[in-house]
Amino acid sequence: MVKKTVEDLSEAELKGKKVLVRCDLNVPLDGKKITDDTRIRMSIPTIEYLKNKGAIVTVCSHLGRPKDGPEDKFSLGPCAERMGELLGQTVTLAPDCIGEEVAKVVNAAKEGDVVMLENTRFYKEETKNDAGFVEKLAAPFDLYVNDAFGTAHRAHASTEGVTKFLKPSVSGFLLAKELAYLDGAVNNGKSPMAAIVGGSKVSSKITVLEALVEKCDIIIIGGGMVFTFLKAKGLGVGTSLVEDDYVETAKGVLAKADEMGKKILLPSDIVVADKFAADANSKTVAVDAIPDGWMGLDNGPKTTAEQKEALSTCKTIIMNGPMGVFEMEKFATGTFALVNIMADLTKEKGVITVIGGGDSVSATEQSGRASDMSHISTGGGASLELLEGKILPGVAALDDK
């Protein structure tokens with residue numbers, strides 16, 4: 001799955017050309033205020049590179065989930081403003097993402113200018129990948145760059161459709177890095193390899209779990225999904241979260257790992273609480289001694305020590321999902337301790353550590369150790385699908401090297 005990147009394009013292919021860049025600017029907002037600009041910051045290197053090559057750059061993205069047509073609260077206005085601050089120049093927000101007004105703005109732009117189209121999801125046709133809409137979206141441009149890993153698992157107009165009209169179609173730096181680390185770690189990672197799979201539900205992680213059992217030597221399971229596995233082993237779990245429909249599935253995963261000689265590490269001690277609340281009474285108990293009426297909300301210290309030991313010989317570690325309810329300080333220790341273990345292994349031994357999207361990214365950012373990891377993935381669903389071994393439509397549509 002080796003795809004062309006912006007660096008494979010010659011100066012002549014970029015200078016004076018109108019480039020449509022699909023970024024992931026789906027940032028969290030509080031009213032009109034951006035509360036985390038990570039996604040905007042991560043899109044800058046590709047835009048800077050294109051600008052410096054004399055391209056006329058137009059950025060497109062979605063934001064939120066508008067229901068019926070344009071909604072002011074989902075306007076990309078704040079993103080254009082913030083991107084302008086980061087680039088040190090004005091980023092012109094077009095009034096729409098298709099049509100004559102957009103064409104006028106794009107055609108008036110000069111080499112090194114940056115334009116931003118309004119939210120592509122103001123049109124239902126974006127997610128339906130409607131051919132007529134695709135043609136209108138692509139109309140003002142010469143070539144296409146996809147730098148939005150977070151939506152690469154969707155065959156939408158702005159992620160897949162436009163590649164049929166714009167050539168070359170290549171990846172930006174961010175998308176290329178995501179593929180190199182996530183795809184690279186899973187398919188060509190140095191062994192011993194470990195996967196840490198956490199989160200609340202087995203149902204949402206079962207496919208990735210089954211895929212990683214095939215490829216990794218050690219699988220650490222944490223978070224709410226642990227209790228479905230403990231039930232599968234015949235243990236009492238109190239009022240902890242259990243998906244009864246998935247108990248047999250969990251048994252199957254354990255049996256498969258056993259058969260393949262893989263090590264699955266489940267917690268040996270659990271921090272339990274008498275209710276799901278930040279001020280709950282809590283205590284640490286052995287995994288086979290969870291009292292009735294209590295629920296497990298984090299790993300205990302013995303579990304963390306065992307995880308540290310298991311990971312100490314690994315050369316590649318992929319983490320997808322937290323170990324407990326890290327949003328509550330009382331139940332965050334297991335997750336943050338594991339993040340620290342991974343960060344230390346990268347710093348001290350050069351271990352490749354990949355944080356594979358979703359809640360594990362938030363936990364790593366909060367821990368202050370994000371910069372110590374080898375790679376932090378920006379895609380939630382896309383990271384998961386890549387780890388599952390699926391082909392991402394937004395990537396498949398790009399030009400091969």
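Biologist: Why does Lys3 count as buried?

Modeller: The model is predicted, and the label comes from a value computed on it. Buried means under 20% relative accessible area. Lys3 has 11% relative accessibility, so Lys3 counts as buried.

Biologist: What makes Lys3 and Asp400 a salt bridge?

Modeller: The cut-off is a side-chain nitrogen of Lys or Arg within 4 Å of a carboxyl oxygen of Asp or Glu. For Lys3 and Asp400 the closest N and O atoms are 2.7 Å apart, so the pair is a salt bridge. Lys3 sits in the segment before α1, Asp400 in the segment after α15, and 397 residues separate them. The pair therefore links distant parts of the chain.

Biologist: How do you know that Lys51 and Glu48 form a salt bridge?

Modeller: Their N to O distance is 3.6 Å, which is within 4 Å, so the pair qualifies. Both residues belong to helix α2, residues 38-52, and are 3 residues apart, about one turn of the helix.

Biologist: Why is Arg82 called partly exposed?

Modeller: Arg82 has 24% relative accessibility, which lies between 20% and 50%, so the label is partly exposed. Arg82 also forms a salt bridge with Glu85, with the closest N and O atoms 2.8 Å apart. Both are in helix α3, residues 77-87. Asp37, Arg41, Arg82 and Glu85 are linked in a network of salt bridges. In the whole structure, a search finds 23 salt bridges.

Biologist: What makes β10 and β11 a pair of strands?

Modeller: Two strands pair if there are at least two bridges between them. Strand β10, residues 218-221, is joined to β11 by 3 bridges, so the two strands pair, and they run parallel.

Biologist: What is the order of strands in the open sheet, and why are β11 and β17 called edge strands?

Modeller: The order of the 6 strands is β11-β10-β9-β15-β16-β17, with parallel pairing. β11 and β17 each pair on one side only, so they are the edge strands. Helix α11, residues 301-311, lies across β9, β10, β11 and β15, running at about 155 degrees to β11.

Note on methods:
Residues numbered from 1 in each chain as written. Predicted model: local features only at pLDDT ≥ 70, side-chain atom pairs only at ≥ 80, totals over all residues. Heavy atoms only, no water. Helix = DSSP H or I, 4+ residues; strand = E, 2+ residues; numbered from the N terminus. Contact = heavy atoms within 4.5 Å. Axes fitted to C-alpha atoms, helices over the stretch in contact; angles between N-to-C directions. Buried < 20%, exposed > 50% of the residue type's maximum accessible area, 1.4 Å probe, protein only.
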